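Biologist: I am new to this one. Could you show it to me and then walk me through it?

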Amino acid sequence: MTFGDDKKYERLLEAYGNGDISRRQLMGFLTVAAAAVGVVGGPFGKLTRDALAAVEQVRFDGWGGIVSEAFRNNAFPAFTEKTGVKVVEGEFGDTEEFLALVKAAQPGEYNTFLVSGAYDYYRFYKPGLAAPLNEANMPNLQLLLPATLEAFRKESEGKLYAVPFDYGTTGIAYNRKYISDDEAKAGAKILWDEKYKGKMALYDSFQTRAWMGSLYTGQDPQGVTDQAAMWDACRTQRDLVVKYWTSGQEFIDLMSKEEVILSDGWSGRVAYLQQNGHDIGFIDTKDAGFAWLEGLMVLAGSPMNECEQLINLCIEPKISIAIAEGQNYPPSLDPNKVELSEKVKSLPGFDPTGKFENFVWESAQYWFTNQDAYKKQWERISKGA
Amino acid sequence: MNRQNARAYALLSPALGSLALFLVAPVLFIAVYSFWIRTAEGLDIPAFQFGNWIAVATDYYYWLGLWGSFKLALVTTMACAAVGYPTAYFLARIRFSNKALLLFLLFLPFWISYIIRTMAWISVLGRTGAVNTALISLGIIDEPLKMLYNDFSVIMGLVYFLLPYMIINVYVSLDGIDRNLEASARTLGCSAWQTFREVTLPLSLPGLGAGCMLCFVLAAGSYVTPRLLGGPDTLFFPDLIYEAIISQLDWPTGAVLSVILLLSLGLLVGVYNRFMSLSDIYRSFAR
């Protein structure tokens with residue numbers, strides 16, 4: 001038996017449980033380890049901390065609502081059954097909120113979470129908040145779409161800091177009782193139609209607002225040359241808006257109660273509305289929105305083995321498909337290697353080719369570079385300043 | 001220090017320790033943070049400089065936010081006073097054997113989560129909410145009224161939340177008035193209205209003042225209600241603090257804004273204490 005790996009404490013316990021060592025010997029090992037820390041500290045400190053801190057639980061943070069429910073119902077019980085490690089759940093309204101929590105926390109306080117898009121991936125990777133993953137510990141990675149793995153790897157110098165889990169789109173959702181599919185083909189421009197003044201809500205996100213504003217002003221959303229025009233468009237649009245929503249649940253609430261009949265929204269949440277009998281149309285073409293990739297990221301200081309085991313289980317086809325059906329976002333599984341369910345194939349935003357040729361992905365570098373200026377500008381515009 | 005004092009301090013030490021640890025220390029930490037520097041990479045570096053303070057002080061946007069917050073808090077306080085005073089008067093004067101039951105009912109909504117109570121207003125004031133549905137069914141209006149996601153809905157939500165604080169303060173004040181004074185005024189020829197105006201109202205002013213002060217401070221610092229019920233035109237200072245700290249991850253600026261709000265409301269409490277007395281508030285909660 002060595003003290004040189006992460007599982008030393010479990011092994012000790014196992015040996016004690018099997019009768020290989022006595023209780024006195026077990027206590028002796030732990031006492032020696034503790035004394036070593038007291039006398040030497042340094043390298044022994046880590047060993048002993050590891051030895052004393054058996055992993056009993058890992059924390060998982062998600063978007064709450066139907067997304068967290070899908071993980072809770074499909075992945076976590078299987079993981080606990082397999083490993084004996086409990087999954088403690090948390091939820092956040094948006095990535096900003098979660099990033100602030102992680103920044104204020106001690107390493108290891110938060111473990112695994114659902115990272116939304118390459119831009120958010122980069123925001124955790126760049127300041128060193130995320131931990132690199134050991135791909136050898138996750139054999140199910142081979143079942144994922146290579147394009148999705150590459151999308152994350154290229155943002156972090158070839159190493160993987162999150163496992164692609166699903167993908168979705170931001171587009172325009174509209175109530176078909178009042179707005180026809182033909183009318184919605186106007187794309188982002190419909191969000192400036194005076195006809196919908198007081199009947200429209202929009203996502204309170206600097207990125208989505210800047211994206212739609214640049215589409216409206218005929219610019220490349222990730223290469224804006226006339227920022228003033230883009231923000232002017234957002235300023236004009238503000239007068240038409242009833243509410244800038246901040247969570248998917250709020251979006252569902254606004255659309256289902258017909259507080260608004262038009263809004264930008266996320267494909268998964270639109271699918272949820274459709275499944276619940278609301279006649280909501282959705283358009284996510286290049287002139288109406290963009291696509292993003294969600295991943296399972298592990299934060300620095302977390303118990304890596306356990307987190308990687310959890311992630312590997314989450315991307316097991318049976319579980320991944322069940323979660324996809326629950327949260328309404330297509331999984332990152334390769335349709336050429338895994339048979340996907342009919343329900344998954346019918347989800348909004350699903351790409352049967354797996355090549356994503358019709359998608360516009362967000363560029364992490366562009367948004368990271370512009371985030372401070374854009375956020376400040378958008379927050380002022382949203383408040384009427 | 002004599003023995004009696006030492007014993008008093010010993011008994012107070014858990015409370016004083018908790019206050020120091022959970023209130024004074026975090027506030028001091030926030031104050032210290034306001035002098036730190038936020039780098040372009042988003043890192044906060046310990047420093048002592050006034051850059052954040054100058055940036056906030058010279059930015060009209062933040063003062064507009066503070067004014068917006070105080071304006072809504074003032075309207076809310078006035079609405080609470082207008083609705084709360086008659087209710088408190090009724091409670092203080094009613095001849096009812098089980099008055100405690102009425103006071104209990106007053107605080108019954110507190111058993112439900114504040115967020116749930118606030119969210120409930122969406123179902124009441126929304127386009128398809130209870131009020132619009134009733135008005136349309138009765139043929140009074142054809143199109144739903146826009147009552148949600150604006151200053152009106154924020155004020156409604158805040159009044160609903162703060163009204164019990166106003167009522168209990170005024171009630172305690174009214175209940176403490178010697179009824180013989182009102183009877184004497186009537187005997188001396190005052191009408192009922194004159195008696196109220198010349199005797200009851202002036203004597204209940206400390207309670208009304210305490211209620212107003214409490215409602216104003218709580219409304220101005222409120223965050224959840226404006227966030228849930230406010231619309232694009234609702235500018236609330238606590239929301240700016242949230243955005244600085246959470247959205248922009250600019251903690252030093254957020255710390256400056258927090259200290260400004262704390263000082264502004266602290267100043268208000270200080271002025272109130274100078275002219276009225278905080279003891280009226282303590283009295284309400286001591287009952």
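Modeller: A term to begin with: two residues are in contact if their C-beta atoms, placed from the backbone, lie within 7 Å. This is a predicted model, in which local features need pLDDT of at least 70, side-chain atom pairs count only at pLDDT 80 or more, and totals for chains, interfaces and linings use all residues. Residues are numbered from 1 along each chain as its sequence is written, with chains lettered from A and ligands numbered from 1 in the order in which they are written.

Biologist: How many residues does the contact take from chain B and from chain A?

Modeller: Chain B contributes 19 residues and chain A contributes 23 residues. On the side of chain B that touches chain A, the elements giving two or more residues are α3 (60-93) and α11 (237-247) of chain B. Helices (H or I, at least four residues) and strands (E, at least two) are DSSP runs, numbered from the N terminus. The largest share of that side, four residues, comes from α11(B).

Biologist: What does chain B come to in secondary structure?

Modeller: Chain B has 13 helices and two strands. Its C-alpha trace spans about 75 × 75 × 35 Å along the principal axes. Of its 287 residues, 34% count as buried, that is, with 20 or more other C-beta atoms within 10 Å of their own, C-beta atoms being placed from the backbone (exposed is 12 or fewer, partly exposed in between).

Biologist: Turning to chain A, which strands pair with β7(A)?

Modeller: Strand β4 (residues 162-175) of chain A runs antiparallel to β7(A), joined by five bridges. Strand β5 (residues 200-203) of chain A pairs with β7(A) in the parallel sense over two bridges. Pairing requires that DSSP finds at least two bridges between the strands. In β7(A), A:S263 stands opposite A:A173 and is also the bridge partner of A:A201.

Biologist: Is β7(A) buried or exposed?

Modeller: Strand β7 (residues 262-266) of chain A is mostly covered, with five of its five residues buried. A:L262, A:D264 and A:W266 point one way, while A:S263 and A:G265 point the other way.

Biologist: And where does α17(A) bend?

Modeller: Helix α17(A) bends by about 65° at A:Q371, the bend being the angle between axes fitted to the seven residues ending there and the seven starting there. Its buried residues include A:W367, A:W378 and A:I381.

Biologist: What covers the buried residues of α17(A)?

Modeller: The cover includes α7 (117-125), α10 (206-216), α11 (227-238) and β6 (241-245) of chain A, together with α11 of chain B. After α17(A) comes A:G384, whose phi is positive, near 85°.
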